[in-house]
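Here's a quick briefing on a metal site and the strands around it. Have a look at the model first, then read on.

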Amino acid sequence: MSQVQIKRPGEADRVTVEALDENGHRFVTGGELGFTEGSVLYKARCCFDCGIVRRADGQNKACRGRVSVEVRAA
Ligand SMILES: [Zn+2]
């Protein structure tokens, strides 16, 4: 596990969460990224760096690195 700092929309301070390291990805949950409970991504694990959604079997390809992940306003 590693720690990532997330800046959520509408929150002044970054929050530190534990990420799951796998194939170069750092997976955090959509909820931790700021998706609301109504979102299908809320409970999904997404890579903090490339934004890919983690497969349940863990067989995602290697992380391709940093892209911007934006949370749309509801
Ligand atoms: Zn990734």
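His25 is buried, at 2% relative accessibility (buried means under 20% relative accessible area, exposed over 50%, partly exposed in between, with a 1.4 Å probe and protein chains only). Keep in mind that this is a predicted model, where local features need pLDDT of at least 70, side-chain atom pairs count only at pLDDT 80 or more, and totals for chains, interfaces and linings use all residues. Residues are numbered from 1 along each chain as its sequence is written, and side-chain values use heavy atoms, with hydrogens and water left out.

**Zinc site**
- His25 (ND1) coordinates the zinc ion together with Cys47 (SG), Cys50 (SG) and Cys63 (SG), at 2.1 to 2.4 Å (donors are N, O and S atoms within 2.8 Å of the metal, or 3.2 Å for Na, K and Ca; water is not among the atoms, so sites may look incomplete).
- Along the chain, the donors are spaced as H-x21-C-x2-C-x12-C.
- Cys47 is buried at 0% relative accessible area, while Cys63 is partly exposed at 22%.

**Strands around His25**
- His25 sits in strand E3 (residues 25-29) (strands, E, are DSSP runs of at least two residues, numbered from the N terminus).
- Four of the five residues in E3 are buried.
- E3 runs antiparallel to strand E2 (residues 15-22), joined by three bridges (strands pair if DSSP finds at least two bridges between them).
- Glu22 has His25 as its bridge partner in E3.
- E3 also pairs with E4, antiparallel and over three bridges, and there Val28 has Cys46 as its bridge partner.
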